[in-house]
Amino acid sequence: MTGHAIYLDLAKRWAKGTAILFAVGAVSGTVLSFELGLLWPRFMEFAGPIIGMPFSLEGFAFFTEAIFLGMYLYGWDRISSRAHLWAGVAVALSGTASGVFVVIANAWMNAPAGFELVNGQAVHVDPIAAMANAAAVSQTLHMTLAAYAATGFAVAGIHALLLLKDPANAFHRRALEIALIVARRPPCCSRSRGHLLPPRRRAPAREARRRRSSVPHSG
Amino acid sequence: MSDLLAARSQMAVSLAFHIVFAVIGIAMPLMMVLAERRWQ
């Protein structure tokens with residue numbers, strides 16, 4: 001609550017960066033969604049009914065993010081400052097949610113759940129149980145906190161460099177402050193979350209391969 | 001190069017490129033909103 005014009009400049013500058021990088025992320029993410037079906041058709045045919053739901057939820061979260069980002073970028077003088085701030089909050093929340101949904105699908109590959117395998121066919125499919133797999137909580141927490149840490153430090157690094165060149169610059173000092181808040185908060189938790197994840201038990205295929213290769217061939 | 005290796009390589013390149021922007025898309029809006037909150 002400062003009303004300081006620097007913070008408005010900062011929000012607008014970061015919004016511009018977010019818009020450009022978001023566009024690149026959206027396009028490269030579309031490429032990935034095609035590749036899932038085109039490069040791994042057999043896997044997606046099998047896994048689609050089980051783990052398709054978080055992917056479609058990710059779609060909803062992504063479109064929500066895009067809609068509110070549009071309101072944020074073009075609404076500076078068109079909607080109330082209160083509504084504008086809440087549009088920004090919606091962008092941040094739905095962006096995080098879309099990451100969480102994709103990581104849930106990845107967690108399912110490490111700890112498959114929500115189906116039974118009968119003669120190579122998945123039966124009794126339960127998409128909710130698949131999403132609530134054993135690796136979901138630790139992986140999504142780890143990934144989200146790591147995203148805040150990585151981006152926070154990258155942005156802090158850019159503003160720190162510019163501050164070194166111009167030590168009296170109040171704009172970069174404020175930017176560095178906020179970036180470091182976002183970067184510094186999560187890492188402690190991220191590290192402890194990562195340790196919650198025993199890799200061998202959570203990667204059954206890899207573990208099975210390892211065990212098989214260590215057993216001498218008997219004939 | 002086998003088909004499997006080609007598919008894996010293409011997936012690896014796509015993921016490695018995308019995750020940088022996906023991660024920025026998660027955290028940048030938070031910083032943006034924190035800055036606006038301090039302005040208001």
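**Exercise 1. In which helix of chain A is E35(A) found, and what surrounds this residue?**

The model is predicted: local features need pLDDT of at least 70, side-chain atom pairs count only at pLDDT 80 or more, and totals for chains, interfaces and linings use all residues. Residues are numbered from 1 along each chain as its sequence is written, chains are lettered from A and ligands numbered from 1 in the order written, and side-chain values use heavy atoms, without hydrogens or water.

Step 1. Helix α1 of chain A, residues 5-39, holds E35(A). Helices are DSSP runs of H or I with at least four residues, numbered from the N terminus.

Step 2. List contacts (heavy atoms within 4.5 Å). Beyond four places in sequence, E35(A) touches W40(A), Q10(B), M11(B) and S14(B).

Step 3. Check the charge. E35(A) is buried and has no salt bridge. Buried means under 20% relative accessible area, exposed over 50%, partly exposed in between (1.4 Å probe, protein chains only). A salt bridge needs a side-chain nitrogen of Lys or Arg within 4 Å of a carboxyl oxygen of Asp or Glu. R8(B), the nearest side chain of opposite charge, is 13 Å away.

Step 4. Find a polar partner. The side chains of E35(A) and Q10(B) make a polar contact at 3.0 Å. Such a contact pairs N or O atoms within 3.5 Å; within protein, one must be able to donate a hydrogen and the other to accept it, and residues adjacent in sequence count only if both atoms are side-chain atoms.

**Exercise 2. Is H18(B) buried or exposed?**

Step 1. H18(B) belongs to helix α1 of chain B, residues 3-39.

Step 2. H18(B) counts as buried because its relative accessibility is 17%.

Step 3. Outside four places in sequence, H18(B) contacts G25(A), S28(A), G29(A) and L32(A).

Key:
Helix = DSSP H or I, 4+ residues; strand = E, 2+ residues; numbered from the N terminus. Lys, Arg positive; Asp, Glu negative; His and termini not counted.
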